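The exercises below concern charged side chains and their pairing. Work through each task with the model open before reading its solution.

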Amino acid sequence: MRTFVGIGAILALLLVGYALYANGTSSSDDHDSDIGIIESTSGSISPAPTMPIEATNGAITDDVSDQGGPDSSDQRCFEAASADDSALAGKTIIVDPGHGGEDLGTVNNQFGLHESDLVLSISEYLRDMLTASGANVCMTRVQDTYIELAARADFANEQNGDAFVSVHLNSLPDPSESYTMTMWGNEAKDRFLAETMLDVLRYEMAIPQYHNNEPNPTNPDVYILKSLDSHMLKSADMPAVLVEATFLSAAWEAQAFQDGIDDGSHWREVQIAEAVHTGLTEYYEAFQ
Ligand SMILES: [Zn+2]
């Protein structure tokens, strides 16, 4: 009997240990670590003159085996819809909706909202805005499927992207907390894009709008710019940024997404796409 109790105790300890380990590993997402490190809160950001921005002819490789045919639902590259005079004209932007498939990303259980669904929707709106501005767009995924992080960077490089934007939504236990965070991998090529994106999003996400008499919790005075030891960002051979636009765990935010879904406007997804579009535009305007 004593032996059984002893074995039982050891098994219990092992289970607790594994549970802690599993919990630790599952929460160490590619983007949710080290929240609270405010690396830069300075206001004005000037362009880094040393950053090489290669001229592009806007051509997209015609690798149908990778992209699917033009009528395929798997089509991942989309040509510019117009010859706009936007600073985005002729650029090839890689849009990366985070997570997908079994990887739901952040989940708001109260509303049953998944980050993987919302960032795909945001990315589709972003794609349409970018092509309307004269940019070519390739998306790392166009369906609810998971793509390995390394494959996302490889795809971006295959498509000769000019910039890589990974779209995410963040999460914290406190449903009243929300702010914008952007991350860069390689300082020399990525940081200015992350800074420019942050400078737009932290204001655009914090609209002075009220919902059910609740203030929008996204605070423009709290924001995080940080480096991320991300193989995906670093190995993308172009300026790359991971954007945590806002917090899906924030009650107001989840309600806003839900209302937009319910009324068909998807207004909050559209708004995030517009902010990222503006961030990219301002990034390229800085080099003109
Ligand atoms: Zn994410």
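**Salt-bridge exercises**

Glu-187, Arg-191 and Glu-195 are joined in a network of salt bridges, a salt bridge being a side-chain nitrogen of Lys or Arg within 4 Å of a carboxyl oxygen of Asp or Glu. The model is predicted, so local features need pLDDT of at least 70 and side-chain atom pairs count only at pLDDT 80 or more, while totals for chains, interfaces and linings use all residues. Residues are numbered from 1 along each chain as its sequence is written, and side-chain values use heavy atoms, with hydrogens and water left out.

**Exercise 1.** Describe the contact between Glu-195 and Arg-191 and its place in the helix.

*Solution.* Begin with the distance: the two side chains of Glu-195 and Arg-191 form a salt bridge at 2.8 Å, N to O. Finally, Glu-195 and Arg-191 are both buried, that is, under 20% relative accessible area with a 1.4 Å probe, protein chains only.

**Exercise 2.** Are Asp-199 and Arg-202 buried or partly exposed, and how far apart are their N and O atoms in the salt bridge?

*Solution.* Asp-199 has a relative accessible area of 30% and is therefore partly exposed, the class between 20% and 50%. Arg-202, at 6% relative accessibility, counts as buried. Their side chains meet in a salt bridge of 3.6 Å, N to O.

Technical notes
Helices (H or I, at least four residues) and strands (E, at least two) are DSSP runs, numbered from the N terminus.
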